Amino acid sequence: MDPLVRTAELTVVPTVSPPGLRIVGVVDADSHRHLRDALQSVASVRGGLCLEMSRVEFLDLAGLRLLMTFARARAARHCTVELAGVPPHLLQVITLIGWDTTPGLRLGAAHGC
Amino acid sequence: MAADRTGPSGFVHHACLYGSDADFLAMAVPFAKDGFAAGEPVLAATTPANIELLRAALGEGAHHLDTAETAYFGRRPVERVSAFLRYHGRRARPGRRTRIIAEPVWGGRSARQTAEWKRMESGLNVLLADLPVWMICPYDTRVVPGDVVEAAVATHPARLDGERQTPCAAYTEPAAYAAAVAGPAPCAPSVARSTGPTADAPELRRLGRERAAGAGLSGERLALAELAVHEAAAYLLAPEGARVTLRAWEEPGAVVYELRRTGPDGAAVSPFAGYRPPAPSGAAQGPEDGLWLARSLADVVEVRAQGPETVLTLRMAGPGDAERL
């Protein structure tokens with residue numbers, strides 16, 4: 001499937017089974033906009049959605065907040081988003097901030113959806 | 001007590017220098033009982049020995065007392081501020097004040113830690129200014145060093161002896177106090193690696209990661225060091241026209257990063273920036289969220305103004321830190 005985002009630093013590819021996105025590379029101030037657009041493109045998918053993150057090389061705090069905001073928006077429509085393959089240090093950060101209880105968010109399996 | 005008449009609107013911050021169990025109870029018992037009578041939440045974050053004393057003195061009333069062993073109620077200043085805010089957030093009652101007895105641990109601290117706790121005591125006057133919280137910080141003069149006693153009366157606008165309130169003549173405006181207690185910035189050794197000045201956060205975090213890896217950090221700890229440097233750099237680079245020079249070196253037990261910002265004019269950083277935790281995930285990103293994360297991941301972050309420059313020193317625990325093995 002064609003990537004939704006392909007820059008030097010970040011690639012985002014839609015996935016079908018399960019429905020969602022695979023995020024690869026670096027998310028920082030240069031790519032927040034791309035990530036936001038990619039999330040928007042799957043926002044209308046009903047039920048569970050999976051973001052596969054095992055090949056995320058760097059994700060800053062603002063990028064993490066984008067994912068949390070996305071989860072909350074899904075919760076408001078009785079849908080969820082699973083973050084799969086989240087690098088362990090990011091799981092630690094999510095818990096440190098207390099975002100692990102974000103409505104609509106599922107912290108999933110260590111390796112892929 | 002006089003402070004009762006100030007109403008529940010803003011932060012009231014008192015020191016209590018006590019030299020005996022009786023002195024401690026002369027302050028703590030009426031403070032707690034008045035709180036219970038007014039339907040206000042009361043927390044005693046103090047030593048286990050003082051908690052035991054206070055419970056015994058309060059009798060049945062002790063059932064209303066919230067307690068925390070102070071050493072674990074926010075181990076570092078950034079966590080301490082979060083602990084206070086969390087307690088207030090969970091326990092506050094509409095129209096009522098929250099009462100907190102907050103006795104920091106001073107024994108056995110390094111000079112750097114002691115300075116940071118003194119700075120935080122002063123910073124609470126700014127950080128909690130809008131909250132309806134009455135906080136009394138007991139200092140046990142039998143065990144705390146003289147410089148800490150001096151700090152107590154410089155960082156609290158007033159002191160309590162039993163129920164008698166006296167203004168602290170030595171009280172110092174928090175920003176001035178923080179600057180005075182900061183001491184000189186550490187000097188980067190000649191072997192330090194450096195990059196910048198630049199507005200390119202990725203360039204800064206790459207050096208941050210490289211130095212952390214060179215110091216022996218790996219896996220999660222390496223990724224967290226990179227993230228801490230990135231968030232500190234991004235915070236400093238937020239004003240238009242800012243440039244940052246990063247120097248990085250190793251010391252026994254730590255990887256040290258010095259981020260020196262030049263320009264833009266008038267973009268001073270508060271020494272108390274980044275002590276408040278980020279808002280819940282539904283809210284917008286706060287301007288100090290990244291600095292909060294850097295403070296939370298580092299052993300210590302110090303912010304100093306040096307003329308027109310801002311110097312932020314970030315120390316990450318080195319690979320020999322056995323707590324993180």
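This tour moves through chain B and chain A, element by element.

The model is predicted: local features need pLDDT of at least 70, side-chain atom pairs count only at pLDDT 80 or more, and totals for chains, interfaces and linings use all residues. Residues are numbered from 1 along each chain as its sequence is written, while chains are lettered from A and ligands numbered from 1 in the order in which they are written.

**The sheet of chain B**

Seven strands form an open sheet in the order 3-2-4-5-1-6-7, with mixed pairing. Strand 3 (66-69) and strand 7 (164-167) of chain B each have a single partner strand, so one side of each is left without a neighbour in the sheet. From one strand to the next, the twist averages 25°.

Select next strand 6 (residues 158-161) of chain B, which pairs with strand 7 of chain B in the antiparallel sense over four bridges; pairing requires at least two DSSP bridges between two strands. B:Pro167 in strand 7 is the bridge partner of B:Ala158.

Strand 7 of chain B also holds B:Thr166. B:Thr166 counts as exposed because it has 12 C-beta neighbours inside 10 Å. The classes are buried for 20 or more other C-beta atoms within 10 Å, exposed for 12 or fewer, and partly exposed in between, with C-beta atoms placed from the backbone. Leaving aside neighbours within four places in sequence, B:Thr166 is in contact with B:Ala158 and B:Arg159, where contact denotes C-beta atoms, placed from the backbone, that lie within 7 Å.

**Helices of chain B**

Turn to helix 1 (residues 21-37) of chain B, whose 17 residues reach 24 Å from first C-alpha to last, close to the 24 Å expected at 1.5 Å a residue; the expected span is 1.5 Å times one less than the number of residues. Its buried residues are B:Phe24, B:Met27, B:Ala28, B:Phe31, B:Ala32 and B:Gly35. Their cover includes strand 1 (12-18), strand 2, helix 2, strand 4, strand 5 and strand 6 of chain B. After helix 1 of chain B comes B:Gly39, with a positive phi near 70°.

Helix 3 of chain B lies across strand 2, strand 3, strand 4 (98-102) and strand 5 (133-140) of chain B, at about 150° to strand 4. Angles run from 0 to 180 degrees between N-to-C directions, and axes are lines fitted to C-alpha atoms, for helices over the stretch in contact.

The contact involves B:Pro77, B:Arg80 and B:Val81 of helix 3 and B:Glu116, B:Trp117, B:Met120 and B:Leu127 of helix 4.

**Where the chains meet**

Display both chains: the contact takes 18 residues from chain B and 18 residues from chain A. On the chain B side, helix 7 (201-214), helix 8 (219-237) and helix 9 (289-297) each give two or more residues. Helix 8 of chain B gives the most, with seven residues.

**Helix 2 of chain A**

Finish at helix 2 (residues 61-76) of chain A, which has 16 residues and reaches 23 Å from its first C-alpha to its last, close to the 22 Å expected at 1.5 Å a residue. Its buried residues include A:Leu64, A:Leu67, A:Met68 and A:Ala71. Just after this helix, A:His78 takes a positive phi of about 60°.

Terms used: Two residues are in contact if their C-beta atoms, placed from the backbone, lie within 7 Å.
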